[in-house]
Amino acid sequence: MQSNQYLTDKQVAERFSVHRATPWRWVERGAFPKPVRLSPGCTRWREADIQAWEATRESEAANA
């Protein structure tokens, strides 16, 4: 099921137990979904994008 919710960098960091700057570094390396700019000064990640990324990583780990 796809979610239409948006997550802040704090929420993403809490989800993965990392510092809130870490998701931004992952994006810079091309290793994480890019956030969506909702308005000037308001950038969020789509929860559906995060879930799809997690599913991809889980399937890669299972096939390794």
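This is a predicted model: local features need pLDDT of at least 70, side-chain atom pairs count only at pLDDT 80 or more; totals for chains, interfaces and linings use all residues.
Strand 3 covers residues 42-46 and runs antiparallel to strand 2, to which three bridges join it. Across this pairing, Val 36 stands opposite Arg 44 of strand 3. In general, the strands of a sheet pair through backbone hydrogen bonds, in either a parallel or an antiparallel manner.

## Helix 3

Helix 3 consists of 17 residues. From its first C-alpha to its last it reaches 24 Å, close to the 24 Å expected at 1.5 Å a residue.

The buried residues of helix 3 are Glu 47, Ala 48, Ile 50, Trp 53 and Glu 54. An α-helix has 3.6 residues a turn, so residues three or four places apart point the same way. Strand 1, helix 1 (9-16) and strand 3 are among the elements that cover the buried residues of helix 3. For Trp 53, the relative accessibility is 18%, so this residue counts as buried under the 20% cut-off.

## Nonpolar core

The largest nonpolar core is made of eight residues: Leu 7, Val 12, Trp 26, Val 27, Phe 32, Trp 45, Ile 50 and Trp 53. Helix 2 and helix 3 each contribute at least two residues to this core.

Leaving aside neighbours within four places in sequence, Leu 7 is in contact with Val 12, Arg 15, Arg 44, Trp 45, Glu 47 and Ile 50.

## Aromatic pairs

The count of aromatic pairs comes to eight. One of them joins Phe 16 and Phe 32: the ring centres are 6.0 Å apart and the planes stand at 85°, so the pair is edge-to-face. Phe 16 belongs to helix 1 and Phe 32 to the loop between helix 2 (22-28) and strand 2, so the pair ties together parts that are 16 residues apart in sequence. Phe 16 counts as partly exposed because its relative accessibility is 22%, whereas Phe 32 is buried, with a relative accessible area of 6%.

Trp 26 and Trp 53 form a stacked aromatic pair, at 6.2 Å centre to centre and with 25° between the planes. Since Trp 26 lies in helix 2 and Trp 53 in helix 3, the pair ties together parts that are 27 residues apart in sequence. Trp 26 is buried, with a relative accessible area of 17%. A single aromatic cluster is formed by Phe 16, Trp 24, Trp 26, Phe 32, Trp 45 and Trp 53.

## Backbone at Ser 17

Where does Ser 17 lie? Ser 17 is in the loop between helix 1 and helix 2. Although Ser 17 is not a glycine, this residue has a positive phi of about 55°. Most residues other than glycine have a negative phi. With a relative accessibility of 69%, Ser 17 counts as exposed.

Conventions
Residues are numbered from 1 along each chain as its sequence is written. Side-chain values use heavy atoms; hydrogens and water are left out. Two strands pair if DSSP finds at least two bridges between them. Helices (H or I, at least four residues) and strands (E, at least two) are DSSP runs, numbered from the N terminus. The expected span of a helix is 1.5 Å times one less than its number of residues. Buried means under 20% relative accessible area, exposed over 50%, partly exposed in between (1.4 Å probe, protein chains only). Contact means heavy atoms within 4.5 Å. Rings of Phe, Tyr and Trp (its six-membered ring) pair if their centres lie within 6.5 Å; planes under 30 degrees apart count as stacked, over 60 as edge-to-face and the rest as tilted. A nonpolar core is a set of buried Ala, Val, Leu, Ile, Met, Phe, Trp, Tyr and Cys residues joined through side-chain atoms within 4.5 Å.
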